[in-house]
Structure formats: C-alpha cells, structure tokens
Amino acid sequence: MSLQKITRLPALRQLSSIQHQNFLLLLPLSTHLSVPRRSMIQGEYRRPGKPREDKFPWQKINFSFSKGLEGIKKQFFLLKSEFTDRWVGPEGKPLLEHMLEQNRLVWEFRGPESLEQWTLSSDKEIGGHSEVHLKLSRNSNTCFVYGTLCSTPPRDGETRYSGYCSIRSKQPLASLDRKKHHDWSSFNTLHLRIRGDGRPWMINIGAETYFSHQRDDIYNYFLYTRGGPYWQDVKIPFSKFFLTHRGRIQDDQHPLWLDKINTIGFTLGDKTDGPFQLEIDYIGVCKDYAHTEEFAYEVYKRNPEV
C-alpha cells in the first residue's frame with residue numbers, strides 16, 4: 001500500500017462520519033423522544049400514589065372569549081381599587097384607624113360567595129377513601145365542614161399511611177394575578193369562633209418565603225374542639241406556631257413572618273375513622289396586650305454572644 005493511501009485513510013473515515021451524521025439529521029423523527037420529567041423539573045414533588053400529569057402547561061388553559069372578557073374586567077377593577085386605596089390609607093383604611101385597630105375580621109361566612117375563597121383536599125387525591133365537603137349552615141351565617149375520615153391506605157404498593165382531610169384558603173391575588181399577602185404585623189393573636197365535635201384539628205398558616213425550596217414550609221398549631229352545642233372562642237398567639245416542612249417538625253425554628261401571610265387552613269388526621277364536622281363562624285386576628293412573648297421555641301444562634 002502506498003504512502004498516499006495510508007495518509008488518506010483517516011481523512012476518509014472522518015468525512016464518512018460527518019456524512020453519516022448529516023444523513024441522520026435529515027431523517028424524520030419517527031419515534032417520540034422520551035425525556036425524564038425529573039431532569040426537566042428538579043424541584044417537582046409528587047405525592048405517593050398520585051399519577052404524573054403528562055399535559056403541557058398551555059393545554060390546561062381555557063381559551064374562552066367570554067371568560068377572557070370577564071378576566072379583563074376583573075383585572076381593571078382590581079387595578080382601579082389599588083390606586084384609590086392608596087390615597088385613603090393602608091389597605092383602604094384611614095391611617096389613624098389603621099394604627100388604632102385592635103381587631104380585624106379576615107374571613108366571615110355570610111353567603112355562597114364566601115365559600116369560593118376556600119379549597120378542599122383529602123387523601124382521595126392519592127387513592128384514599130376519606131371525603132370532605134363544605135357548605136353554608138341553614139341560616140347562611142356560618143361555614144359547615146363535614147365528611148368521613150378513613151385511615152385505610154390505598155393498595156398501590158407505595159403509600160403506607162393515609163387518612164386526612166383539610167380545608168385551606170386561597171392565595172389572595174392583586175391585579176394582573178400578582179400575589180397579595182395578608183399583613184398581620186399589627187396583631188399577635190389568632191381569633192376563631194368555632195363549634196366542633198371534640199376532635200383535634202391542626203391549624204396551618206402559610207407565609208411567603210425567600211427561597212423556592214421553602215415553599216412547603218408551614219407553621220402549625222393545635223386546635224382542640226370541645227364538642228357539644230355551645231360555641232367556642234379560641235385565641236392562639238402567633239408565637240406558639242412552630243415550623244414544619246411537609247409534615248416534619250424542623251429543628252431550626254423561626255418566628256412567623258406576619259406581614260407576608262398567604263393562606264390559612266385546617267387539617268384533620270387523628271387516625272379515628274368515622275364522620276366529623278366543624279362549624280366556623282369567623283376567623284380574625286386581634287392584639288392582646290397581655291401577651292408579650294415573641295417566640296415560644298428555641299432559636300439557634302450561630303454566633304452566640306459571650
């Protein structure tokens with residue numbers, strides 16, 4: 001074999017590989033390229049037993065013309081109220097009234113439109129058997145939460161525990177679907193008027209966080225109902241709420257961020273199968289001058305004072 005043929009071999013091999021790659025690029029894609037969902041969205045969290053959603057985000061949008069007009073009217077109304085409220089004072093109240101305010105009624109159930117501010121969830125989303133419902137009372141002055149709790153886990157081979165029902169308020173939104181927060185920095189106590197059946201509930205308060213991996217952080221405290229026909233006034237200081245992440249109590253505790261409150265909810269999961277009911281008159285906040293505690297739990301200091 002001559003020297004020229006030997007020197008041409010690497011060049012011919014490189015040229016053939018380039019032509020082969022170009023030929024593959026010209027071929028139509030006959031098979032669907034399957035990309036793992038986890039590689040695309042790293043922070044995705046899926047409850048055990050809940051199937052994955054294969055729809056793209058734009059496939060969930062309802063392209064209705066009438067709904068679009070209603071949405072435009074709603075956004076312009078919210079935008080107008082934002083500009084007018086700023087001339088009056090914080091949250092549309094005069095400055096003197098805002099400074100001297102000691103009680104605030106946040107949620108009150110006085111009609112069907114008040115129920116639209118709340119959402120329900122249970123272990124039925126992961127294959128469980130619990131059910132929860134929400135309706136107004138007979139006099140349309142209170143909210144009635146009822147249902148059945150079942151702690152039998154679904155037979156999917158993955159879920160080990162089950163049996164919960166919850167009700168949660170929706171995230172308040174400003175104009176153009178911007179996040180709006182409840183500012184409770186002037187208050188230090190949560191005030192409820194309820195009537196239950198003797199079961200213990202869990203109160204969940206969600207606040208805004210700095211980082212995206214903290215979006216599942218929730219502040220919790222216990223709500224013990226007496227049962228019976230009499231109403232119960234419950235006052236819980238915000239300093240008693242402790243930090244949890246996906247149901248696990250955190251070692252590093254922090255006080256609740258009162259000027260960035262997003263949602264409040266109630267969860268039942270006492271592992272007692274059977275019917276339950278909880279009647280709520282109103283949910284508010286108040287300022288108790290006798291309570292001077294800032295935070296009831298130990299806060300770690302990285303650089304303690306000597």
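What follows looks at the nonpolar core and the salt bridges of this structure. The model is predicted, so local features need pLDDT of at least 70 and side-chain atom pairs count only at pLDDT 80 or more, while totals for chains, interfaces and linings use all residues. Residues are numbered from 1 along each chain as its sequence is written, and side-chain values use heavy atoms, with hydrogens and water left out.

To start with the core: a nonpolar core here is a set of buried Ala, Val, Leu, Ile, Met, Phe, Trp, Tyr and Cys residues joined through side-chain atoms within 4.5 Å. Buried means under 20% relative accessible area, exposed over 50%, and partly exposed in between (1.4 Å probe, protein chains only). The largest such core has 38 residues, and L190, L192, I203, F238, F266 and I283 touch the most other members. Strand β13 (residues 274-286) gives the most to this core, with five residues; strands are DSSP runs of E, at least two residues, numbered from the N terminus. Leaving aside residues up to four places away in sequence, I283 touches L105, V106, W107, W118, L190, H191, L192, I264 and F266, where contact means heavy atoms within 4.5 Å.

Now for the charged pairs. A salt bridge puts a side-chain nitrogen of Lys or Arg within 4 Å of a carboxyl oxygen of Asp or Glu, and the count comes to 11. R195 pairs with E279, with closest N and O atoms 2.8 Å apart. This pair links strand β6 to strand β13, 84 residues apart. E279 is buried at 10%, whereas R195 is partly exposed at 23%. Elsewhere, E108, R110, R193, D233 and D281 are linked in a network of salt bridges.

Terms used
Helix = DSSP H or I, 4+ residues; strand = E, 2+ residues; numbered from the N terminus.
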